[in-house]
Amino acid sequence: MRDYIIRRVFLLVPIMLGVSLLTFLIFRVIPGDAAVLTCGFGCTDEVLEAIRHENGLDRPWYEQYGDWLWGVLRGDLGESVSESQLPVTTELDRRLPITGELLIMTIIMSLILGVPAGVLSAIRPNTPLDWLTRFTSVLWLSIPHFWLGILIITFGALWFGWTPPQFGQSYVPFMDDPWINMQQFFFPALVLAVGIAATIMRLTRSAMLEVMRNDYIRTAWSKGLRERTVVWRHALKNALIPVITVTGLQVGALIGGSVIVESVFNLNGVGKYVLEAILRRDLFVVQSLTLIFAAVYVLSNLAVDLAYAWLDPRIRYA
Amino acid sequence: MVESSYWKRFNKRVSRRTLLGGSAALALGAASAALVGCNGGTNGNGGNGDTSGAPSPAAAGTPRLGGHITLGRGVASLGIDPHVDLTGLDIDALVYSYLYSWRTGTEEIVLNNLAEKFEQPDEEHLEFIFTLRPGVKIHPGGPGAGEEMTSEDCVASFERRGTALTAPDKRFPHRIERYETPDPYTFKFVMKRPFVPAVREMANATWAIVPKKVIDANPNGLSQVAFGSGPFKLEEFRGQEKIVLRKHEDYFLKPRPWLDSMTNIVITENSSLLAAFKGGQHDVNGALLSKSNADDLKSDDNFIIIRTPSFFYPVIHLKMREPFENIKVREAINLALNRDEIINVIQQGEGEYNPPIQWAQTKWALPQAEVRAFYKHDPDRARALLAEADLPNGFSAKMKLPKLTGPSIVGDIAALVKDQLGRVGINIELDEVELGAFISSTLLPGNFHMAFFPNLPYDEPDRPLAFYHSKGVTGNGNWTNYSNKELDQLVDEQSEEFDEVKRKDIILKAQRLILAQHGPQLTLTGGYNYQARWNYVHFGTELTGEEPPKDAGPFGADIWVDK
C-alpha cells in the first residue's frame with residue numbers, strides 16, 4: 001500500500017508539468033495578454049511593447065516558463081502581471097482557506113442530503129417516498145448554481161431582511177466566530193451541494209437496489225436481523241463504493257462551480273480569483289492556480305482509491 | 001485674457017466660494033467602471049441631478065461629526081496609483097489633494113483643494129501659475145508625515161503623471177515645456193502650445209498631487225500604498241475585497257471630514273450588490289440601477305435616489321472600406337436605426353439621442369431637437385439608398401463587440417441593432433470577442449468592418465471629437481481609417497481656443513460636419529444613471545445642483561450620517 005501511495009504521488013510530477021505547460025501554451029495561442037489590458041483602448045505600439053518588456057512578456061516562451069517553474073520549485077508562484085503586482089502566494093494565503101472550507105462543507109452537505117435519501121428511496125421502491133426522492137433529484141440536477149444563489153439572496157433580503165454577512169464584512173474563520181462563519185458558508189455550500197447530492201442520491205439508490213438483491217443480504221434477512229442493521233451495516237457499506245468514486249470525481253466539478261458561487265455570494269476564494277485572473281490574462285496567476293487545481297484533483301482521486309480498500313477489504317493495492 | 005475664458009470664472013469662484021468637489025474623480029472612476037464592467041458610466045457628480053425620496057440634502061440639517069458608512073462597489077480596484085491605475089480613482093480622490101475641482105454639468109472650476117489662487121498673465125494661455133494653500137499636511141504614518149504640501153510636490157506629481165509608462169492620455173503633459181517653483185507655495189508651468197482640455201484634465205483624479213517624498217520612497221509604484229493629504233487616509237487596501245479609509249485628523253478643512261471612517265465592499269455580482277444595499281449592509285448603493293430598480297427604491301422612504309444624465313456612450317464604428325466608404329451605405333444604416341426603439345426597449349423609455357458629443361454634455365452637444373430631426377428612422381429610404389449604392393439586396397457584415405463583465409447592456413443594444421438593420425436587408429453577424437482579444441486583435445490593428453463598443457464616458461468635448469480626427473484618440477491613427485482635413489482642423493482648433501463662445505461654435509460646426517458624413521462612428525442613445533443611499537446618509541450639495549456653502553469640502557469630506 002505504501003509503495004502504491006508513493007508511486008501515485010510521484011505520478012503527480014509529470015501530470016502537473018503537463019498541465020502547466022498546456023496552460024502556458026494555451027495562453028500563448030489565444031489573442032491578447034495582460035499588457036494589452038493594462039495598456040487599454042488608447043494603447044500605442046510603443047507603450048504596449050514597453051509594458052511587455054517591463055513585465056518580461058517579450059522574452060521567449062521557454063524562458064518565461066522556465067523561470068516560472070524554477071520559482072515554483074523554490075516555493076515562489078510568481079507575481080500578478082496586473083497593476084496590483086501582488087505575489088500569488090500572498091493572495092493564496094488569504095483565499096485558499098475560504099475555498100477549502102467551501103469545498104469541504106459542500107462535500108459533507110451533499111453526502112448528508114444524498115446518501116440517506118438514496119437509501120430510503122431504494123428500500124421503499126415505487127412508493128410515494130421513492131417518487132418524491134427521484135423527482136427531487138431531477139429537480140436539483142436541473143437547477144443552475146447561479147440562479148439558485150441569486151434566488152436565495154434576493155428572497156432572503158426581501159422576506160427576511162437577511163443577506164450573507166460577507167456582503168458587509170470579510171471572511172470570518174470558523175474558530176473566530178462559528179455562527180458568522182456558518183452564515184457565510186451554509187448557503188453557498190448548499191447551492192453547490194444540491195447538484196452533487198442529486199447525483200449521489202440516484203447512485204446510492206441504484207447501488208442499494210443492486211446490493212439488496214444479493215445472497216448475503218437475503219441471509220441477513222433470514223437470520224432475523226432488523227431492517228436498520230441489514231441496510232446500514234450490511235448493504236450500505238458495499239453500495240458506497242461507486243458513490244465514493246463519483247464524490248471524488250466531483251471535486252473537479254466543484255472547483256468549477258465554486259467560481260460562480262463565490263462570485264454570487266461574494267466569497268473571495270480561489271475560484272473568484274482565477275476567474276478574474278483569466279479575464280485579465282494574468283498568466284502566472286492562472287498558471288499557478290491551474291497547478292494547484294490539478295494537484296487537488298489528482299490527490300482527491302488518490303484518496304478515493306485508498307477509500308476503496310477501507311470499504312472493501314478484498315481490494316488490495318500491490 | 002478673453003472675456004469668456006474658463007479662468008475668468010475660475011477666479012470669480014475663488015472670491016465667493018471656497019470649495020466643492022471631487023467630482024472629477026467619480027467621473028473617471030465611473031469611466032473605468034464602464035470600461036471594465038460596462039456599468040454605464042455612473043456620473044456621480046455634476047450640478048444637474050434630480051433627487052427623490054426622503055429629505056433633500058440641503059434640508060438635511062447640520063452635519064454631525066463621527067460615524068461610519070459602508071459603500072457598495074461593483075468593480076474591483078487592482079491598484080490605487082492615481083497616475084496610472086484607473087480602477088481606484090474614486091479612492092484616490094478621497095486620499096489625495098488636487099489643485100482644484102471641476103463641477104460636471106455646470107463645468108465650473110472651483111478651488112477646493114491645494115490651490116487658493118490662480119493667475120494666467122499671458123494672452124496666449126501658455127503660463128499657469130497657482131498659489132498653494134499653506135497648512136495642507138501629509139497623512140501620518142508615511143514619508144513626510146505631517147509636513148506641508150509644497151510646489152515641489154506639484155512638480156513631482158505632474159512629471160510622474162506625464163512620464164509614467166501606463167499613465168493615460170499624455171497629450172497635456174507632453175505639451176508642458178517647463179516647471180518653475182519660485183517658492184514653496186507657488187507652482188508654475190509653461191506650455192509649448194495652448195491646450196484647453198488641460199483645464200479639465202487638472203481636475204481629473206489622475207492628476208492627484210502626491211507628496212514628493214512618497215513618490216521617492218516608492219520607486220516600484222503606489223499601486224498598493226497611499227499617503228496623500230486628502231480628507232481620508234488609507235487604512236486597508238484589498239482592492240478585490242474591501243478598502244477601508246479613516247479620517248485624516250489634521251485635514252486642512254477641520255473639522256472635516258465629518259465621518260470617522262468609510263469602508264468600500266467590493267461585490268462584482270450586480271444583483272448581490274443591490275441585495276446588500278436593500279438589506280442594510282451597505283449605506284450607499286454600488287449596484288448599477290435600471291429605471292425600474294430606481295422606481296422600486298423610490299417607493300421606499302428609507303432611500304434617497306438621485307438621477308444624473310449618463311455619459312455612457314455606445315457607438316458603432318465603421319471601417320472606411322467597402323461598402324462603408326460609400327456615404328449612401330452609411331446613411332442607409334443611420335436611417336435603418338430606430339433610436340426610439342433603443343430607448344424604449346433597452347433604456348426603459350428614458351433617454352435621449354446622442355450626437356457625436358454625448359447629449360449629457362449639454363453645453364457642447366448639438367441641441368436635441370436638431371439631432372432628432374437629423375436621425376430620422378426611415379427604412380424605405382434606407383432601402384432606396386442601398387439600391388442607389390448598387391446593393392439592392394442589402395449586404396452582410398460582421399460586427400465585433402467586446403464581451404464585458406457585468407450587466408449585458410452592450411450585448412443587448414447590439415442584438416437590437418442587428419435586428420433593426422436586418423429589416424432593411426443588412427444582415428449583421430454579431431461576433432462577441434473576449435475583451436483582451438477585442439483590444440489586441442480587433443481594435444488596435446483596426447481589424448473589423450463594423451465594431452460596437454462604448455467609448456469612455458468623457459465629460460469634456462475634446463476626447464469624443466478626437467475619435468474622428470485622422471490621428472485618432474491615440475495620436476497614432478484612426479481605427480476606422482477615416483480622414484477629413486476640414487474636420488481635423490476644427491478638432492485641432494477647438495482644443496486651442498480658450499474663448500468658450502468661439503470654442504462652442506467650432507465644436508457645433510464639427511458635429512454638424514460629422515452628422516453629414518454619417519460616420520465613421522454612429523452614435524446611438526444615452527440615458528440616466530441612478531444613485532441610491534439610505535436616508536440617514538447626507539452628501540454635500542455636489543449632486544443636487546444647489547449652491548454649496550462657502551466652506552464646503554471635496555466629495556467625501558462633506559458626507560455625514562445621522563444614524
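Let me start with a term: a nonpolar core here is a set of buried Ala, Val, Leu, Ile, Met, Phe, Trp, Tyr and Cys residues joined through C-beta atoms within 7 Å. Buried, in turn, means that 20 or more other C-beta atoms lie within 10 Å of a residue's own; exposed means 12 or fewer, partly exposed is in between, and the C-beta atoms are placed from the backbone.

Some housekeeping. This is a predicted model, where local features need pLDDT of at least 70, side-chain atom pairs count only at pLDDT 80 or more, and totals for chains, interfaces and linings use all residues. Residues are numbered from 1 along each chain as its sequence is written, with chains lettered from A and ligands numbered from 1 in the order in which they are written.

Okay, the cores. The largest one has 135 residues, and those with the most contacts inside it are A:Ala197, B:Tyr98 and B:Ile209. Helix H8 of chain A, residues 178-212, gives the largest share, 17 residues. There's also a second, separate core of 92 residues, which includes A:Val286, B:Val315, B:Phe448 and B:Val473. By contact I mean that two residues have C-beta atoms, placed from the backbone, within 7 Å. Leaving aside neighbours within four places in sequence, B:Ile209 has contacts including B:Tyr96, B:Leu114, B:Met149 and B:Cys154.

Now chain A as a whole. You'll find 12 helices and 0 strands. These are DSSP runs numbered from the N terminus: helices are H or I with at least four residues, strands are E with at least two. Of the 318 residues in chain A, 39% are buried. The C-alpha atoms fill a box of roughly 85 × 60 × 35 Å along the principal axes.

How does chain A split into domains? The assignment, which is automatic or from a database, gives domain 1 (16-73) and domain 2 (98-311). Their centres, over C-alpha atoms, are separated by 37 Å. Each of them puts 11 residues into the contact. On the domain 1 side, H1(A) supplies the largest share, 6 residues. That side divides into 7 nonpolar, 3 polar and 1 charged. For the record, Ala, Val, Leu, Ile, Met, Phe, Trp, Tyr, Cys and Pro count as nonpolar, Asp, Glu, Lys and Arg as charged, and the others, Gly among them, as polar.

Let's zoom in on H3(A). Its buried residues are A:Val47, A:Leu48 and A:Ile51. In general, an α-helix has 3.6 residues a turn, so residues three or four places apart point the same way. Part of the cover over the buried residues of H3(A) comes from H2 of chain A. On the face turned away sit the exposed A:Asp45 and A:Glu46. After H3(A) comes A:Gly56, with a positive phi near 70°.

On to the partner. Here 37 residues of chain A are in contact with 40 residues of chain B. Helices H2, H3, H7, H10 and H11 of chain A each give two or more residues to that side, which divides into 17 nonpolar, 15 polar and 5 charged.

Last stop, A:Ala239, in helix H10 of chain A. Is A:Ala239 buried or exposed? It counts as buried, because it has 25 C-beta neighbours inside 10 Å. Beyond four places in sequence, A:Ala239 touches A:Thr204, A:Ala207, A:Met208 and A:Val211. Its C-alpha is 8.8 Å from that of A:Arg205, 34 residues away along the chain.
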